[in-house]
Amino acid sequence: MRKTKHLIVLSLDAMGSTDFELLTSLPNTKNLLQESAYCSNVSSIYPSLTYPSHTSILTGCYPNKHGIVRNTLLQPWRTKPDWFWHHSSIKVPTLVDYALQQGMKVASLLWPVLGKSKVKYNMPEVFANRPWQTQLSVSLCNGSPCYLYKMNKLFGKLRQGLKQPELDNFVHESAKYTLHHYRPDLMLVHFCDLDFKKHHYGCTSSERADAIRLLDKRIGEFVTLMKEDGIYEDSTLILLGDHSQLDAHSTIHLNELLRRNGLLEVKDGQIKNYQAIAKSCDGSAYIYCKNKNDIQVISLLKEITQQFAEETNAIAQIFTAEEAAKLGADPTCALMLEASQGFYFLDEVGRELICDIDRKAVHEYSHALIGVHGYLPTKPDYQTIFIARGAGIRQGIKVKEMGLIDEGPTFAALLGLEMKDTDGRVLEEILL
């Protein structure tokens with residue numbers, strides 16, 4: 001039975017359990033929390049990256065089942081590889097699919113991996129990744145053209161490319177307009193400013209705190225709009241994070257290790273051929289074999305990575321393909337490596353195996369990062385958050401622990417839907 005008229009899901013990218021105290025001390029979220037069920041100990045998935053995480057939220061499944069095992073495609077010939085932008089990449093049904101099958105009206109604003117989906121109001125998260133492309137052109141090709149044209153005409157002046165918080169300002173105003181004028185049954189909104197600020201300024205920076213305060217202001221504006229429109233009591237508002245972040249001091253360059261051991265060829269700074277290749281997931285990394293059945297190469301990989309781990313303090317764990325699959329990661333990898341805290345992986349070659357991050361050189365347009373994610377979700381102080389308020393939700397329920405995979409099935413139950421063959425469960429304890 002359907003429990004809510006409108007389900008509004010706000011994804012606060014990189015909102016961690018360590019941010020929960022600040023977020024819930026701010027006026028709008030504090031007031032919302034008093035009427036909510038919540039959890040400040042939500043486990044992400046592995047690797048804990050934005051695209052796999054958001055897909056796990058919508059499917060209730062781990063990456064090894066839904067297929068979005070990383071943020072980006074394996075395209076070593078590209079300086080900037082494409083991302084898993086398109087809905088067709090997801091191998092299992094999503095909450096969106098179930099809703100559309102029942103004729104529900106869906107809106108998605110920058111929610112990952114929904115490009116070219118059948119969402120009626122679709123502002124896809126797709127970047128202009130070729131020199132001849134513009135952001136507007138790729139958005140129109142992958143989303144809802146008429147809707148996007150209107151949002152751009154009304155609010156496009158707020159946006160300055162991918163710069164934050166300007167991009168979130170554009171998404172926020174577009175989302176409020178969409179809710180007010182189109183009243184979707186399901187609305188998915190992805191805010192990225194906090195993730196951006198942690199990446200470039202660190203997880204305890206003043207910029208991080210400012211981003212959280214701005215999110216609280218946005219939450220307050222959603223609540224005010226819903227009350228003014230008379231839909232507050234009949235609707236459910238969800239605030240959630242996808243992963244946390246941790247500060248780093250050094251980068252690891254596995255492809256350089258592979259090059260030095262004759263497993264990878266480089267010409268003019270570009271990878272041209274390989275027997276094995278590393279694919280960074282920031283705090284973790286896959287290693288893939290060109291021939292996944294090449295026992296000799298896999299044996300050599302185990303030997304050199306184990307030696308590297310013993311000679312440095314940069315690698316926390318090395319997983320076989322079978323072990324990675326049990327953790328929910330890509331079963332087609334040869335190995336998966338987990339970085340020690342303070343380290344993260346880059347795909348670059350031609351550098352030292354480990355490099356210190358020059359914090360003075362890190363800025364909003366640099367390649368180096370301070371805050372990173374992608375680690376095992378079991379790392380200390382690395383969980384995320386979930387807050388649910390409104391129709392169908394019990395007030396005052398604190399869930400001790402849960403996972404991202406429990407969110408999609410719970411959202412489905414609120415909409416009177418049932419998701420099948422999920423890894424997660426419906427959070428019955430928070431539902432009326």
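I am working from a predicted model.

**Cores**

I looked up the nonpolar cores to begin. In general, nonpolar side chains of soluble globular proteins tend to be buried together. The largest core here holds 52 residues. I noted the residues with the most contacts inside it: Ile252, Leu254, Leu258, Ile287 and Leu301. Helix α12, residues 295-311, gives the largest share of this core, with six residues.

Next I picked out Leu301. What does Leu301 contact, leaving aside its neighbours within four places in sequence? I found Leu258, Leu263, Ala276, Ile287, Cys289, Ala334 and Leu335. Of these, Leu258 and Ile287 are also on my list of residues with the most contacts inside the core.

**Cis peptide bonds**

I then turned to the prolines. Tyr46 and Pro47 are joined by a cis peptide bond, with omega about 0°. Pro47 sits in the loop between β2 (36-43) and α3 (50-59). Gln164 and Pro165 are joined by a cis peptide bond too, with omega about 10°. I placed Pro165 in the loop between α7 (145-155) and α8 (166-182).

**Positive phi**

Lys116 is not a glycine, yet its phi is positive, about 60°. I located Lys116 in the loop between β3 (106-109) and β4 (121-123). Is Lys116 buried or exposed? Lys116 is exposed, with a relative accessible area of 57%.

Arg183 is not a glycine either, and its phi is about 45°. I found Arg183 in the loop between α8 and β5 (186-191). Arg183 is partly exposed, at 28% relative accessible area.

Notes:
Residues numbered from 1 in each chain as written. Predicted model: local features only at pLDDT ≥ 70, side-chain atom pairs only at ≥ 80, totals over all residues. Heavy atoms only, no water. Core = buried A, V, L, I, M, F, W, Y, C linked by side-chain atoms within 4.5 Å. Buried < 20%, exposed > 50% of the residue type's maximum accessible area, 1.4 Å probe, protein only. Helix = DSSP H or I, 4+ residues; strand = E, 2+ residues; numbered from the N terminus. Contact = heavy atoms within 4.5 Å.
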